[in-house]
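This report looks at selected sites in one protein chain. Please keep the sequence and the model at hand while reading.

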Amino acid sequence: MSTAKDVIKLAKEQKTVAVDFKFLDFLGTWQHFTTPMSELEDDVFESGLGFDGSSIRGWQPIHASDMLVIPDPSTAVMDPFTAYPTLSLICDIADPITKEDYSRDPRAVARKAEGYLKSTGIGDTVYFGPEPEFFIFDDVRFDQNEHEAFYHVDSTEGRWNTGRDEAPNLAYKPRYKEGYFPVAPTDSMMDIRQEMVVAMEKVGLHVEKQHHEVATAGQAEIDLRYLSLVKMGDALMWYKYCVKNVARRHGKTATFMPKPIFGDNGSGMHVHQSIWKGDKPLFAGDGYGGFSELGMHYIGGILKHARAICAFSNPTSNSYRRLVPGFEAPVNLAYSSRNRSAACRIPMYSPSPKAKRVEVRFPDASCNGYLAFAAMLMAGLDGIEKRIDPGDPLDKDIYALTPEELADVPSVPGSLEDALECLAKDHEFLLKGDVFTEDVVETWIEYKRTNEVDPLRLRPHPYEFALYYDV
């Protein structure tokens, strides 16, 4: 869909009875409201619809709360989960007085990042190909109050249930760290994942593959074909929406929380990325791993600013339960052509120049994709513009390095608080082209500190009782 008339024509052809307007809050969760089809007219795509911005996390104060949603006609699809035929539109946010893009709208940040890339003359398009991982559970319970705290997750696939009376227990539960990738019946989630893929295809996503992931208890991955930055931001939102709603259809629940299970693999989101100019892939060359000098400088920018990027790409305290040194997570700020313990990897699956890309391995899917992708692009562009040398590749087994060798390899932050501090000290690269503003960076840091870091500081952790009750 490219025009308002095209959208209205589609809606009539599909016998649409409702129109759903979706937009993103500051942190990365879709919000929406719905109107009857009779309210969808041409001028909605120009003048927008009003709503209360003070009720959205991280947005307007109550004395300046009026905002507009402006639907993007190119995003029109039929929602595959509603009981009544419903047209869905992803919206941009604008100030009702100036009609300018709202600076805290994540989609606006992503659009500005794409515009900045073009303005540099370096390239025309940046492509992103994320690999989000998630868990599918059967039961999730949690609570925290003044005198108690607990969480409980369960899955019929969980290895811990081999001894449970399930009348009958049919076994075939993936062993810890052995979920990659047995066939059915050990992989009991094949049909659910495929239903997720079908739903994604209905809304226009191009899926490359789906499979069980390493952990027990229904860990899964569905990979998307690469798209340009804003389109991939949109696609990631539809991805999460489809995963969660299909799981619910089956009486299950899906989470993109990075580390919901102790003692088994967490969920990351490796992000493949490359820059093109016209039909030329700019990362392909005759250097290390088949990379160009420009591509190496992009990696240099990612590695230099990685600790600040983490505030957007790994934006939860739980993210750092996965990013722990000494285990399998890619915490080491180095690059390699094949070493998966490095933060940046140059995949060697194909010799084609078109396939040449860098895979940034530390992000996870709890992130706001628009902001995380934009931050990585801005870091990479800073590397290109300043010709940042990424240093020597890390081709050794990280676990075989001596303490002296390992001391020379920097790592990602150890906590959300550390990541926010890194962002506070290192964000000039984000401000180029007014892509991120000081207000966006400061608001992100303040919101995270006030609503996530400080509340966690104040609450005793259940494991502290095991460690310290008898002191």
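Helices and strands are runs assigned by DSSP and numbered from the N terminus; a helix has at least four residues and a strand at least two. With that naming, R387 is found in the loop between α8 (369-386) and α9 (403-407). The model is predicted.

## Backbone features in loops

R387 is not a glycine, yet it has a positive phi of about 55°. A171 is another non-glycine residue with a positive phi, here about 60°. A171 lies in the loop between β9 and α4. A171 counts as partly exposed because its relative accessible area is 45%.

The loop between β9 (149-154) and α4 (190-202) also holds P168. The peptide bond from A167 to P168 is cis, and its omega is near 0°. P185 is placed in the loop between β9 and α4 as well. The peptide bond that leads from A184 to P185 is cis, with omega near 10°.

D20 sits in strand β1, which covers residues 18-24. Its relative accessibility is 4%, so D20 counts as buried. The side chains of D20 and H32 are joined by a polar contact of 2.7 Å. Not counting residues up to four places away in sequence, D20 touches H32, F33, T34, T86, L87, S88 and L89.

E359 has its place in strand β18, residues 358-360. Is E359 buried or exposed? E359 counts as buried because its relative accessibility is 1%. Its side chain makes a polar contact of 3.2 Å with the side chain of H270. A further polar contact, of 3.1 Å, joins the side chains of E359 and R361. When neighbours within four places in sequence are left aside, the residues in contact with E359 are E131, H270, V271, H272, A343, C344, R345 and P347.

T437 is in the loop between α11 (428-431) and α12 (438-458). T437 has a relative accessible area of 14%, so this residue is buried. The side chain of T437 reaches the backbone nitrogen of V440 at 3.1 Å.

How far apart are the C-alpha atoms of T437 and V109? They are separated by 9.0 Å, while the two residues are 328 residues apart along the chain. Not counting residues up to four places away in sequence, T437 touches S103, K112 and L431.

## Cysteines

A disulfide is a covalent bond between the sulfur atoms of two cysteines. How many disulfides does a search of the whole structure find? The search finds 0. C91 is in no disulfide, and the nearest cysteine sulfur, which belongs to C242, is 17 Å away. C91 counts as buried because its relative accessibility is 2%.

For C422, the closest cysteine sulfur is in C310. The two sulfurs are 8.0 Å apart, and therefore too far from each other for a bond; the cut-off for a disulfide is within 2.5 Å. C422 counts as buried because its relative accessibility is 14%.

## The cavity

The count of cavities of 30 Å³ or more comes to 1. The largest cavity has a volume of about 40 Å³. Its lining is made up of F23, L24, W30, I90, C91, I93, D105, R107 and Y370. The elements that give two or more residues to this lining are β1 and β6 (86-94).

Which element gives the largest share of the lining of the largest cavity? That share, 3 residues, comes from β6. By class, the lining of the largest cavity has 7 nonpolar and 2 charged residues, with no polar ones.

## The second largest pocket

The second largest pocket holds about 340 Å³ of space. It is lined by 16 residues, and those closest to its centre are S74, T75, L227, K231 and D234.

Helix α5 (residues 229-249) supplies the largest share of the lining of the second largest pocket, namely 5 residues. Sorted by class, the lining of this pocket has 8 nonpolar, 4 polar and 4 charged residues.

How values were computed:
Residues are numbered from 1 along each chain as its sequence is written. This is a predicted model: local features need pLDDT of at least 70, side-chain atom pairs count only at pLDDT 80 or more; totals for chains, interfaces and linings use all residues. Side-chain values use heavy atoms; hydrogens and water are left out. Buried means under 20% relative accessible area, exposed over 50%, partly exposed in between (1.4 Å probe, protein chains only). A polar contact is a pair of N or O atoms within 3.5 Å; within protein, one must be able to donate a hydrogen and the other to accept it, and residues adjacent in sequence count only if both atoms are side-chain atoms. Contact means heavy atoms within 4.5 Å. On a 1 Å grid over the protein atoms alone, a cavity is a set of points where a 1.4 Å probe fits but cannot get out, and a pocket is an open set with protein on both sides within 12 Å along at least five of seven lines; lining residues have an atom within 4 Å of a point. Grid points are joined across faces, edges and corners, and a volume is the space filled by probe spheres set on the points. Ala, Val, Leu, Ile, Met, Phe, Trp, Tyr, Cys and Pro count as nonpolar, Asp, Glu, Lys and Arg as charged, and the others, Gly among them, as polar.
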